[in-house]
Amino acid sequence: APVFLKDYLPPAWWVDTVSLDVDLRPDGTVVSATLAVRRNPEVAPGPLCLNGAELETLSLAIDGQSLSPSAYTLGDESLVITAPPERFTLETKVRIQPDRNTQLSGFYRSKDGYFTQCEPQGFRRITWFPDRPDVMACYTVTLHADKASYPVLLANGNPVAQGDEADGRHFATWVDPFRKPSYLFAMVVAKLDVLRDTYRTTSGREVQLGIFVEPGKLDQCGHAMAALKKSMRWDEATFGLECDLDHYMIVAVGDFNMGAMENKGLNIFNTKYVLARADVATDVDFENIDRVVAHEYFHNWTGNRVTCRDWFQLSLKEGLTVFRDQEFGADTHSRQTARIREVRGLRAMQFPEDAGPMAHPVRPSTYVEINNFYTATVYEKGAEVVRMIHTLIGKDAFRRGMDTYFARHDGQAVTCEDFVAAMADASGVDFTPFMTWYRQAGTPRVSARGSYDAAARRYTLTLTQVCPPTPGQPDKAPCLIPVAVGLLGPDGRDLDLGGGRTTAILQFSTHEQSFVFENIDAAPVPSLLRNFSAPVVLDFDYQERELAHLLAHDSDPFNRWEAGQRLFGDLILANAARLARGEAAECPAGVIAAARTVLLSDSDPAFIAEALTLPGEATLAERMAVVDPDALHAARNALARALAAGLEDDFLALYERLAPVGAYQFDTADAGRRRLRNLCLGYLNELDRGGYRAQALRQFEQADNMTDQFAALATLANAGGDEGDTALAAFYARWQHEALVVDKWLAVQAGSRRDDTLAGVERLMAHAAFDLKNPNKVYALLRTFGGNHRHFHAADGSGYRFVAERIADLDAINPQVAARLARCFDRWRKFDTSRQAHARAALAALHARPGLSRDVFEVVDKALVEV
Ligand code: ARG
Ligand code: ZN
């Protein structure tokens with residue numbers, strides 16, 4: 001049954017303190033909880049409702065008295081205590097079975113021990129509790145386990161006692177001084193190695209840092225530790241926010257549904273975002289680790305100190321924290337490439353989501369399963385919404401807004417309105433018209449047209465906006481869209497828009513609005529939506545030469561990149577249409593020349609690489625009325641080949657010029673050079689020449705780092721042929737014992753262009769390297785295949801059937817991950833009727849299965865709703 005935002009009621013009971021005793025035994029874990037409970041005087045008296053799931057209830061008592069059966073109702077997932085006293089102590093004892101917990105929510109077993117994931121509703125799988133984020137309590141936790149098997153016993157906060165017990169067992173007690181919602185609870189009982197360090201805050205607090213990993217992996221923790229310290233320093237410098245803890249621990253676990261989790265003082269991470277060493281992790285991995293470590297650390301303020309009132313407010317903490325980790329990444333690495341990658345990701349993931357059956361506002365108003373709403377919309381579009389606030393009021397007012405937010409709400413569970421109100425009050429700006437962004441789903445489409453009046457020396461820019469209907473929201477209101485605009489003169493320089501300004505932020509808030517620029521001496525080329533100032537689709541009827549002009553000259557690096565993406569994207573779509581009609585693809589000389597200008601420019605290598613990376617198929621498919629994935633794929637490859645043929649000498653020269661000097665190290669400049677060099681290698685291998693295959697194989701064999709080795713592997717695996725098979729076999733033989741490298745090996749095969757990709761994926765399902773119980777393996781093999789545009793959407797329906805069956809298998813093990821996989825079907829209605837029939841049949845078969853989880857049911861049910 002769906003839950004609605006409008007039904008929110010404050011809790012009838014508060015819990016002030018929680019004391020947990022957790023006893024790990026071979027026949028299960030016994031959790032004894034003592035809760036200090038008190039009536040909330042602000043709401044009408046009502047029963048105390050506690051959540052639970054898969055708990056074996058052993059005993060219940062109030063104030064030391066065992067509860068009489070008439071005093072409560074015990075269901076599978078609820079415990080209702082009818083009329084408790086105003087203030088009392090509730091004692092419960094339950095047994096749970098972490099060894100059988102394959103959902104990886106609550107307390108579960110992984111290779112090296114036991115770990116938790118409680119957000120959003122995992123704590124109820126550990127003990128009876130009002131498992132909602134607006135109930136905040138202070139926790140004391142005592143853990144007992146066998147000492148030899150599980151020497152590490154961790155929980156949130158500070159260690160206050162530890163010691164040995166009978167039969168080779170030991171215990172540890174932790175006290176968390178901060179009130180927190182149950183979703184931030186964590187505990188770890190495991191055998192792990194630890195890398196320790198310390199950090200001194202500006203005000204002089206000494207924080208003990210620890211990163212806990214699988215034994216033997218300490219040499220892969222250094223980068224994460226450095227990232228943690230950088231994040232701490234950055235948050236002090238940027239927002240004046242210091243770490244409030246004596247102990248800050250990160251624990252890496254190989255079985256984890258998501259990326260990482262910000263549990264107070266005890267973050268739990270997917271190994272993927274902790275472990276890195278030059279020979280096993282790529283530059284992208286190193287950079288992602290920086291971002292995720294920063295993200296979880298930043299949550300300590302935006303999420304933990306100020307938390308969410310209810311789960312509809314998820315973007316309050318996620319959108320804001322993603323914005324913060326993006327800014328950290330921009331400051332630490334390259335601002336321009338960071339922005340380009342964010343937008344590329346938004347268009348590949350969030351725009352399709354916003355146009356599909358699961359479309360929802362940044363703040364959803366209803367859900368069936370909250371786990372399905374940890375989405376690109378809540379996270380990435382949510383970050384864009386925060387970024388628009390930043391753009392509208394400027395950096396200084398934004399900082400004052402953050403200060404106001406913490407001054408008002410530290411220690412509270414609040415709403416998105418509370419955040420925006422702090423920004424409004426600190427800046428004096430009325431954000432009422434802006435709130436549409438939180439309420440309304442769908443990507444607004446902005447059309448721009450310009451007209452130049454030479455006699456009046458005036459340029460008029462007229463903007464219109466529409467937002468397509470989304471499920472449950474047929475009619476849309478206009479949004480307040482900040483449109484950053486510059487005007488390029490014929491020499492490529494920015495025109496003065498008044499007072500020396502070269503970029504204007506237009507506040508576009510109605511269906512249609514005109515903006516007038518005076519004193520313009522010649523017809524300009526407009527540079528629209530600079531730095532991607534709003535998450536919209538922008539249409540402007542650019543001529544090819546205007547795009548080449550922007551690509552060569554725009555002072556806004558994002559829009560230089562954007563001009564290239566438009567140029568390539570328009571051509572790929574035109575060629576897809578030609579190929580579908582049986583005509584040949586074309587590549588105008590102007591496009592090759594524009595690409596050459598970028599390739600030979602003295603821009604940052606990372607920028608050049610981004611500019612010459614073609615838009616992805618899923619992104620381009622959004623622009624087609626009926627998607628023809630084969631024509632789209634062929635057209636994209638044809639352009640890659642045409643660029644390779646036209647720029648072969650340039651690519652080769654650059655590949656040689658960028659050869660590494662000295663040993664690998666991860667730094668932004670080196671990473672940019674590697675990226676560009678590997679792009680050159682990829683383009684050269686678009687050409688069917690043995691010499692380039694041999695070059696790739698040489699790089700594969702000789703590289704001293706995973707970035708170059710994996711880039712060569714990917715190039716060869718896509719090219720097909722013997723070199724690809726040789727490299728894949730050698731790669732597995734070398735890295736079969738490094739789980740995260742095996743994931744790369746699976747993904748590169750599942751994402752391959754080769755015609756026999758599905759057969760390969762089916763074979764890999766049975767390979768020793770694959771494990772349906774491990775989310776990373778599922779994401780690497782199955783979700784990558786689901787994102788393989790041409791093969792997932794194969795005309796004969798084989799891709800749909802295969803993935804639907806795997807979703808069914810997986811649902812019995814891990815519904816959250818199964819539901820994520822089901823999202824591959826989001827765009828099935830955009831394809832031709834024959835593909836639609838195959839997809840509908842695969843979805844209907846899934847929908848009809850008895851015992852489907854709520855997670856998968858919601859996704860499949862929404863996908864099948866007639867539109
Ligand atoms: N709050 C975590 C983060 O943003 C994500 C945890 C979500 N977990 C889940 N099972 N849905 O880093
Ligand atoms: Zn987060």
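Two strands count as paired if DSSP finds at least two bridges between them. Helices (H or I, at least four residues) and strands (E, at least two) are DSSP runs, numbered from the N terminus. What you see is a predicted model, where local features need pLDDT of at least 70, side-chain atom pairs count only at pLDDT 80 or more, and totals for chains, interfaces and linings use all residues. Residues are numbered from 1 along each chain as its sequence is written, chains are lettered from A and ligands numbered from 1 in the order in which they are written, and side-chain values use heavy atoms, with hydrogens and water left out.

First, the sheet. Five strands form an open sheet in the order E18-E19-E20-E22-E21, and the pairing is mixed. Strand E18 (193-200) and strand E21 (260-261) are the edges; each has a single partner strand, so one side of each has no neighbour in the sheet. E18 and strand E19 (residues 206-213) run antiparallel and are joined by eight bridges. Across that pair, Asp 197 stands opposite Leu 209 in E19.

Helix H1 (residues 222-239) lies across E18, E19 and strand E20 (247-253), at about 25° to E18. For that angle, axes are lines fitted to C-alpha atoms, for helices over the stretch in contact (heavy atoms within 4.5 Å), and angles run from 0 to 180 degrees between N-to-C directions.

The side chains of Arg 324 and Asp 235 meet at 2.8 Å, N to O. Arg 324 is in helix H3 (residues 314-332) and Asp 235 in helix H1, 89 residues apart, so to speak a link between distant parts of the chain. Both residues are buried, where buried means under 20% relative accessible area, exposed over 50%, and partly exposed in between (1.4 Å probe, protein chains only).

His 295 and His 299 are both buried. Glu 318 counts as buried too, at 1% relative accessibility. Glu 318 also forms a salt bridge with Lys 317, with the closest N and O atoms 2.5 Å apart, and Lys 317 is buried at 1% relative accessibility.

A further salt bridge joins Arg 335 and Asp 331, at 2.9 Å between the closest N and O atoms. Here both partners are partly exposed: Arg 335 has a relative accessible area of 42%, and Asp 331 has 44%. Shared partners tie these two into one network, which includes Arg 291, Asp 325 and Glu 384. The whole structure has 77 salt bridges.

Last, helix H25 (residues 815-822). Seven of its eight residues are buried, among them Pro 815, Gln 816 and Leu 821. The cover includes helix H22 (775-786), helix H24 (798-811) and helix H27 (854-864).

Note on methods
A salt bridge is a side-chain nitrogen of Lys or Arg within 4 Å of a carboxyl oxygen of Asp or Glu.
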